[in-house]
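Hi there,

Here is the structure I promised to pass on. Please have a look at it, and then read on for what I found.

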There are 2 protein chains.
Amino acid sequence: MTEIEKTLENHQVRPTAMRILIYKYLAEKEVAVALTDIESAFAKAERTTLYRTLKTFEEKKIVHQIDDGTGISKYALCESGCNCEIDQDLHLHFHCNNCNETVCLTEHKIPQIKVPDGFVSENVNLVVKGICDKCSGQ
Amino acid sequence: MTEIEKTLENHQVRPTAMRILIYKYLAEKEVAVALTDIESAFAKAERTTLYRTLKTFEEKKIVHQIDDGTGISKYALCESGCNCEIDQDLHLHFHCNNCNETVCLTEHKIPQIKVPDGFVSENVNLVVKGICDKCSGQ
DNA sequence: TAACTAGTGCAACAGAAGTGCATTTATTGA
DNA sequence: TCAATAAATGCACTTCTGTTGCACTAGTTA
């Protein structure tokens, strides 16, 4: 049994061939991926399967969904630095306006945000937009 | 000539009846509104007109677009506290998980966010989710 | 091996966003 | 004032993302 299979089972997800492939794909990509990205990477597979696989992964805390402001949901593997388990994913995301890619800055935590009296903060989504390291280096 | 007409003209937008109505609607609402909201408020008008009006307003910096993570674009009037003009809209938005409304917290500025070397921050989008003052008071 | 459950494939739908084009309304200049 | 021009609006359609229902297949368990 491979590492990936173990990981999936640890999250109560049965390691089917499809799921292993998708997990591997997500692990190789260093950026957050959209459903369409996976779709084009796995042209042979059905969109619905990929969609439901992502939903399963999300539900089982294998990936976290990212809303980077493009209007398209993206997903990235949860890492050690990602505390999705406690529903408090407090790292920020960076969206590059040039290459259009979104990366997790897991080591950068979101500072404490103060909200007015009466407001109860449950979750914070912070997306920084600009030029990423790859694009700015050119 | 009314206040609204003056405001529109100041932003190089011709004050048509439709635009004045939409502006008035936005001014009355204290929360960010989606296209569909305006649509149902102005059942007689065409969706396209409303859509393009919002786009025009956005382009001319009369409103700013808000991405509150629901996947639906919302819009709110730019106020004195809103520095959309310099493309640095640094106030945060609060999305209520209960009533599903999104408000601008213009008086709450986004703290300085540090990004890793090589990354260039141009814009920051911060959405706090939770329970708003109206809902928490009940 | 039969019964059952989970996973996958196919088709179709919903909602939001966006475009092209014709028509109407407003503005400008002779 | 009226024709020419530009801007705004209305209508029909398209595209894209996300989502669901249903049938079929594979894999698991009694």
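**Around Asp68 of chain A**

Leaving aside residues up to four places away in sequence, A:Asp68 touches A:Lys74, A:His95, A:Thr102, A:Val127, A:Lys129 and B:Asp67. Please keep in mind that this is a predicted model.

Where does A:Asp68 sit? The loop between β2 (63–67) and β3 (73–77) of chain A holds A:Asp68. With a relative accessibility of 0%, A:Asp68 counts as buried, because the cut-off for that is under 20%. Two polar contacts of its side chain are worth a look. One, at 2.6 Å, is with the side chain of A:Thr70, and another, at 3.3 Å, links A:Asp68 to the side chain of A:His95.

**Phe94 of chain A**

A:Phe94 belongs to strand β4 (residues 91–96) of chain A. A:Phe94 also counts as buried, at 0% relative accessibility. Between A:Phe94 and A:Cys132 there are 7.6 Å in space from C-alpha to C-alpha, while in sequence they are 38 residues apart.

**The helix pair**

In chain A, helix α1 (residues 3–10) packs with helix α2 (residues 17–28) at an angle of about 105°, and their axes are 10 Å apart. Angles of 65 to 115 degrees count as roughly perpendicular, so α1(A) is roughly perpendicular to α2(A). On the α1(A) side the contact is made by A:Ile4, A:Glu5, A:Thr7 and A:Leu8, and on the α2(A) side by A:Arg19, A:Ile20, A:Tyr23 and A:Lys24. Of the residues in this contact, four are nonpolar, one is polar and three are charged.

Best wishes

Key: Residues numbered from 1 in each chain as written. Chains lettered and ligands numbered in written order. Predicted model: local features only at pLDDT ≥ 70, side-chain atom pairs only at ≥ 80, totals over all residues. Heavy atoms only, no water. Axes fitted to C-alpha atoms, helices over the stretch in contact; angles between N-to-C directions. Helix = DSSP H or I, 4+ residues; strand = E, 2+ residues; numbered from the N terminus. Parallel < 35°, antiparallel > 145°, perpendicular 65-115°, else oblique. Contact = heavy atoms within 4.5 Å. Nonpolar A, V, L, I, M, F, W, Y, C, P; charged D, E, K, R; others polar. Buried < 20%, exposed > 50% of the residue type's maximum accessible area, 1.4 Å probe, protein only. Polar contact = N/O pair within 3.5 Å; in protein donor to acceptor, adjacent residues only side chain to side chain.
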